[in-house]
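Try each task before reading its solution.

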Amino acid sequence: MMMSSSAMSFIHEPSHMGHFECPVQETVLTTAEIQELLSLLQAGNSASPSSEGSNREVDTVDERKRRRMMSNRESARRSRWRKKRRLEDLTSDVDRLKIENQELKNRLGLVAQKCHVLWRENNRMTSESLALRARLSDLYRILIAMQTQCSQ
């Protein structure tokens, strides 16, 4: 039993217990507590005030370990919940983006169709314009020929 001498005080047991000095930490033990300690010592049990202190330390260490484990479990639970929420959010984003992508593809398809229609119409009108220019040129030549004949 390792105790500092300043932390110990010695008390004397009543005369029926014999003259046995029992070191205790600054608190005064009751007679019943002292008898219980003595019976433990006499029975060969290794429990002593210092081992009780060790047991208390072990209890507090065990208690801290238990609380840390509970805290870790709770933290892991919250982490799993956040991960699940993040996955749900990402899944929702994927679904929304798939719909948006399909809508954009549909719009692109319509624009491509309109572009094709306009391209064909532009080609038709370009051909018609060339034909009308050629006809106008022919008519202009005819008009000039007619004017030259009339002026002669």
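**Exercise 1: Burial and surface**

Of the 152 residues of this protein, 8% count as buried, and the model examined here is predicted.

Solution: For a local view, turn to Leu139, Ile142 and Met146, which form a nonpolar patch on the surface. Together these three residues have about 290 Å² of accessible area. Met146 lies in helix H2, residues 49–151.

**Exercise 2: Elements and contacts**

Task: Work out the order of the elements from the N terminus on.

Solution: Count two helices and two strands. Reading from the N terminus, the order is β-β-α-α. Next, look at contacts with a separation of 6 or more: residues 24 or more positions apart account for 9% of them.

Now take residues 87–114, where UniProt, in an unreviewed entry, places the feature "coiled-coil region". In the model this span is 100% helix and 0% strand, and its end C-alpha atoms lie 40 Å apart.

**Exercise 3: Confidence**

Task: Decide where confidence is lowest and where it is highest.

Solution: Start from the average pLDDT of 80, with 71% of the residues scoring at least 70. Strand S1 (residues 8–12) has the lowest mean, 43, while H2 has the highest, 91. The pLDDT is below 50 over residues 1–17, a stretch with 31 contacts beyond near neighbours in sequence. Where pLDDT is low, predicted coordinates should not be read in detail.

Notes: Residues are numbered from 1 along each chain as its sequence is written. This is a predicted model: local features need pLDDT of at least 70, side-chain atom pairs count only at pLDDT 80 or more; totals for chains, interfaces and linings use all residues. Side-chain values use heavy atoms; hydrogens and water are left out. UniProt positions are given in the numbering used here, feature names are shortened, and annotations may be inferred rather than shown by experiment. Helices (H or I, at least four residues) and strands (E, at least two) are DSSP runs, numbered from the N terminus. Patches are made of residues with over 30% relative accessible area and no salt bridge: like charges are joined within 9 Å, nonpolar side chains (Val, Leu, Ile, Met, Phe, Trp, Tyr) within 5 Å. Accessible areas come from the Shrake-Rupley method with a 1.4 Å probe; for residues, only the protein chains shown count as cover. A salt bridge is a side-chain nitrogen of Lys or Arg within 4 Å of a carboxyl oxygen of Asp or Glu. Buried means under 20% relative accessible area, exposed over 50%, partly exposed in between (1.4 Å probe, protein chains only). Contact means heavy atoms within 4.5 Å. pLDDT is the predictor's confidence in each residue, from 0 to 100.
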